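Reader: I have a chain open in the viewer and would like to talk it through with you. Could we take it piece by piece?

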Amino acid sequence: MLDWVTQVVVAIADACGSTPYEVRAVLGLLMVAVACGVVGSLVIGNRMAFFSDAMAHTAMAGVTLAVLGMVVFAGVRTVNDAEPYRWTIPLVMAVVGAVVGLVIAVIQEKTALSSDTVIGVFFALALGFAGLLLPALQAKARIPLEEILFGQLFTLDDVRLLTLLGMAVAALLLIGLRYNGLLIGSFNPSLANSRGIPVRWNNYLFVVLLAVVVNLSVYAVGVLLINALLVVPAAAAANVSRNLRQMFWVTLAGCVGCAVVGYRVSTTTVIAIGDVELSPGPSGAVVVTCVVWFFLSLLVRAILRRFFGLAPLHDPATCSHDHGDGQYLHRH
């Protein structure tokens, strides 16, 4: 399988006059953008921005557990010893994220605590656990923390690329099969239950999917930036979309478009500060592009209201709500 992936990457690089490292970076970024795009609108619709941020930071706990397993069970004592086991890191990160996400969801159901309180507790736990052990463990396995914090597209190998491909395909399939149930359950659980839709299990499934997408995307985009790619394009889509289905497609297009534009900016732009010239990091450039798209969507929203008397989805100025008719709502 890996030989096939390598052959495809090399063939694309030869056809484009590029290098395999650049091809892996672009493909990996596109897969992350697709996965974030298909779940982003539901993250916004379910008000799970803080939850997704907590999932990103559980990646630090996942890395810590993975390295701890290397040291205790595989006898890793040097950097070279750790190399054969590096593939376990994203796997453990995804599992830890999914378990933590499910525990948060269950505790929210069983207690009267607000969701942000429960999430904050696990947010602190994940970072505290990582801070407790990771500095000492890093001396054994030499895990590059800068890759986890800010992402490093150009170090993607074929294993990670194949993992990101599987993540994107799984996200597309699960959302494609469950989208209607997830959508109805997000804004009217009673209606969903009356129609026999398993709201609770759909929520659990979405939590696991979100945790996996976030944790597997960390090496490409970084802990500090992945939440922006999940939330900002979806927020921009809410400004210009007429209904929830349109918001889904605009979010997906916005994620992919911002990924392409941001990567292009990072490879063609040089920032001159005095006598120093700096090349923007691709992950940061993608996130900044997402933010620019968000502010442009505010301008589009204002134009729609001012010149056409129409209000996009969730416009507080007109108290608009989506009725599924695919049209903007006129001013009251």
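**Helices and cysteines**

Author: Let me start with helix α5 (residues 88-110), whose 23 residues should span 33 Å at 1.5 Å a residue, and whose end C-alpha atoms are 33 Å apart, which agrees. The expected span is 1.5 Å times one less than the number of residues, and helices (H or I, at least four residues) and strands (E, at least two) are DSSP runs numbered from the N terminus. This is a predicted model, in which local features need pLDDT of at least 70, side-chain atom pairs count only at pLDDT 80 or more, and totals for chains, interfaces and linings use all residues. Residues are numbered from 1 along each chain as its sequence is written, and side-chain values use heavy atoms, with hydrogens and water left out.

Reader: Which residues of α5 are buried?

Author: Among them are Thr88, Ile89, Pro90, Met93 and Ala94, where buried means under 20% relative accessible area, exposed over 50% and partly exposed in between, with a 1.4 Å probe and protein chains only.

Reader: And how many residues does α12 have?

Author: Helix α12 (residues 244-268) has 25 residues and reaches 36 Å from its first C-alpha to its last, close to the 36 Å expected. Its buried residues include Leu244, Phe248, Cys255, Cys258 and Tyr263, and what covers the buried residues of α12 includes α2 (20-45), α8 (158-187), α11 (223-240) and α13 (282-308).

Reader: What happens at the start of α12?

Author: There, a side-chain oxygen of asparagine 243 reaches to within 3.2 Å of the backbone nitrogen of arginine 245.

Reader: Changing topic, how many disulfides are there?

Author: Counting a disulfide as a pair of cysteine sulfur atoms within 2.5 Å, the count comes to zero. Cysteine 255 is in no disulfide, and the nearest cysteine sulfur, that of cysteine 36, is 5.8 Å away. Cysteine 255 is buried, with a relative accessible area of 0%.

Key: Contact means heavy atoms within 4.5 Å. A polar contact is a pair of N or O atoms within 3.5 Å; within protein, one must be able to donate a hydrogen and the other to accept it, and residues adjacent in sequence count only if both atoms are side-chain atoms.
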